[in-house]
Amino acid sequence: MSDDQRSPGTSPPPDAVTAPAQEVGESFISEDQVKMALRKVKDPDLNLNIVDLGLVYGSRVEGTTVTVDMTLTSPGCPSGAQIMGDIERMVRTIPEVTDVVVNLVWSPYWTPDRIEPRVRAYMGL
C-alpha cells in the first residue's frame, strides 16, 4: 500500500519502519566491552589476566577504533609479543571494532603494587 492509499493517521506497515541511522562518529563499543575482552588476555608465565596484573594502563574507544595503553612486567619480558597479539585478537572479537592500536608504554614503570589487591594476596605478595 502506498502512502497515497493509506488513510490519514495510520502507521506504515511494520516492514516499512526503519531504524534511525547511526550518526557519524557515534560508537556502540563500550569501555566495559573492552575491559571484558582484556580480562580474557592472560600473561602466559603467570596465567593471570593482564587487567588484574595491572598491565593495562588505559583504553580508549574512538569510533570503531580501540586504543590500549599497556606495559609489561619488565622490558625483557619474553611474552610481550604474544600478549600484544592476544590483546588485538580479543578486542577484535567485539562487534563493530575495525581497528585496534596497542601502545606499549614504560612510564610509569610497572611494579607489583599495580596488581589488584585480591590477586596480590592470592599470589602471597
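Visitor: Why is R92 called partly exposed?
Guide: R92 has a relative accessible area of 36%. Buried means under 20%, exposed means over 50%, and partly exposed is what falls in between (1.4 Å probe, protein chains only), so R92 counts as partly exposed. Keep in mind that this is a predicted model, where local features need pLDDT of at least 70, side-chain atom pairs count only at pLDDT 80 or more, and totals for chains, interfaces and linings use all residues. Residues are numbered from 1 along each chain as its sequence is written, and side-chain values use heavy atoms, with hydrogens and water left out.

Visitor: What makes the pairing of R92 and E88 a salt bridge?
Guide: The term asks for a side-chain nitrogen of Lys or Arg within 4 Å of a carboxyl oxygen of Asp or Glu. Between R92 and E88 the N to O distance is 3.1 Å, so the pair qualifies. E88 is partly exposed as well, with 31% relative accessibility.

Visitor: How do you know that D86 is buried?
Guide: Its relative accessible area is 17%, and the limit is under 20%, so D86 is buried. D86 also forms a salt bridge with R89, with the closest N and O atoms 3.3 Å apart. Both residues lie in helix α2, three residues apart, about one turn of the helix. Helices (H or I, at least four residues) and strands (E, at least two) are DSSP runs, numbered from the N terminus.

Visitor: What makes D52 and R39 a link between distant parts of the chain?
Guide: D52 sits in the loop between β2 (48–49) and β3 (56–62), while R39 is in helix α1, 13 residues apart. Their side chains meet at 2.7 Å, N to O. D52 is buried at 7% relative accessible area, whereas R39, at 31%, counts as partly exposed. R118 joins R39 and D52 in a network of salt bridges, and the structure holds six salt bridges.

Visitor: Which residues touch the most other members of the largest nonpolar core?
Guide: Those are L38, I50, I87 and V91, in a core of 27 residues. A nonpolar core is a set of buried Ala, Val, Leu, Ile, Met, Phe, Trp, Tyr and Cys residues joined through side-chain atoms within 4.5 Å. The elements giving two or more residues are α1 (31–39), β4 (65–70), α2 (80–91) and β5 (99–104), and α2 gives the most, with four. Leaving out residues up to four places away in sequence, I87 touches L38, V41, I50, V68, M70 and V102, a contact being heavy atoms within 4.5 Å.
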